[in-house]
Amino acid sequence: MHEYMFNVAMSCSGCSNAVNRVLTKLPGVQDIDISLEKQLVNVKTDDSLQLDAVLEAIKKTGKAVHESKIIA
C-alpha cells in the first residue's frame, strides 16, 4: 500500500468535492482524507497506483497542487 499527501488549493466545499469525486473513480484508491481547512489531501492506494497518476487526476479538476509527497 502507498500513502500520498498533496497540498491542493481548495477554497470551498465544491473544490474538495471535485477532488474527492475524481479520486473515488480512480482504480486502486483505497482511502481518501481531505482537509479543506489545511488544504491537504491524503490518499491511500494499492501498490499498482503511483503518485504521478493520483497527481494527474487531481490536476484534472483544475485545482493547483502546490506540493506532493510520498508518506508511506
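Me: Where do I start? How many helices and strands are in the chain?

Reply: Start by counting the elements. This chain, in a predicted model, holds two helices and four strands. Then read them in order along the sequence, which gives the pattern β-α-β-β-α-β.

Me: Which radius of gyration would a compact globule with 72 residues have, and what does the chain have?

Reply: The general idea is to set the value for the chain beside the value for a compact globule. With 72 residues, a compact globule would come near 11 Å, and the chain has 11 Å, so the two agree. For the outline, look at the box along the principal axes: the C-alpha atoms fill roughly 30 × 20 × 15 Å.

Me: What share of the contacts joins residues 24 or more positions apart?

Reply: Take the contacts in the chain with a separation of 6 or more; residues 24 or more positions apart account for 66% of them. An example is the pair F6 and I58, which are 52 residues apart along the chain, with their C-alpha atoms separated by 9.1 Å. Another pair is K59 and V19, 40 residues apart along the chain and 8.8 Å apart between C-alpha atoms.

Me: How do I read the surface? What part of it belongs to carbon and sulfur atoms?

Reply: Take the total, then the share. The accessible surface of the chain is about 4,200 Å², and 47% of that belongs to carbon and sulfur atoms. As for charge, the chain has 8 positive and 9 negative side chains. The centres of these two sets lie 8 Å apart.

Me: What percentage of the residues count as buried?

Reply: Of the 72 residues, 31% count as buried. The cut-off is a relative accessible area under 20% for buried and over 50% for exposed, with partly exposed in between.

Me: Is F6 buried or exposed?

Reply: F6 has a relative accessible area of 0%, so F6 is buried. The residue lies in strand 1. S16, in helix 1, is at 11% and therefore also counts as buried.

Me: What is a core, and which residues touch the most other members of the largest one?

Reply: In soluble globular proteins, nonpolar side chains tend to be buried together. Here the largest nonpolar core has 16 residues, and F6, V8, V19, L23, V41, V54 and I58 touch the most other members. Strand 1 (2-8), helix 1 (13-24), strand 3 (40-45) and helix 2 (51-59) each give two or more residues to this core. Helix 2 supplies the largest share, five residues.

Me: Which residues are in contact with F6 and with V54, apart from sequence neighbours?

Reply: Neighbours within four places in sequence are set aside. F6 is then in contact with Q39, L40, V41, V43, L51, V54, L55, I58, V65, E67 and S68. For V54, the contacts are Y4, F6, L23, L26, V43, T45 and L49.

Me: Where is L49, and is L49 buried or exposed?

Reply: Look up the element, then the accessibility. L49 is in the loop between strand 3 and helix 2. At 7% relative accessibility, L49 counts as buried. Leaving aside neighbours within four places in sequence, the contacts of L49 are H2, Y4, L26, P27, G28, V29 and V54. L49 and M1 are 48 residues apart in sequence, and their C-alpha atoms are 8.9 Å apart.

Me: How do I read phi? What value does Q39 have?

Reply: Most residues other than glycine have a negative phi. Q39 has a phi near 60 degrees, a positive value in a residue other than glycine. Q39 lies in the loop between strand 2 (29-35) and strand 3. With a relative accessible area of 27%, Q39 is partly exposed.

Conventions:
Residues are numbered from 1 along each chain as its sequence is written. This is a predicted model: local features need pLDDT of at least 70, side-chain atom pairs count only at pLDDT 80 or more; totals for chains, interfaces and linings use all residues. Side-chain values use heavy atoms; hydrogens and water are left out. The radius of gyration is taken over C-alpha atoms; the globule rule is 2.2 Å times the number of residues to the power 0.38. Buried means under 20% relative accessible area, exposed over 50%, partly exposed in between (1.4 Å probe, protein chains only). Contact means heavy atoms within 4.5 Å. Accessible areas come from the Shrake-Rupley method with a 1.4 Å probe; for residues, only the protein chains shown count as cover. Lys and Arg count as positive and Asp and Glu as negative; His and the chain ends are not counted. The place of a charge is taken as NZ of Lys, CZ of Arg, CG of Asp or CD of Glu. A nonpolar core is a set of buried Ala, Val, Leu, Ile, Met, Phe, Trp, Tyr and Cys residues joined through side-chain atoms within 4.5 Å.
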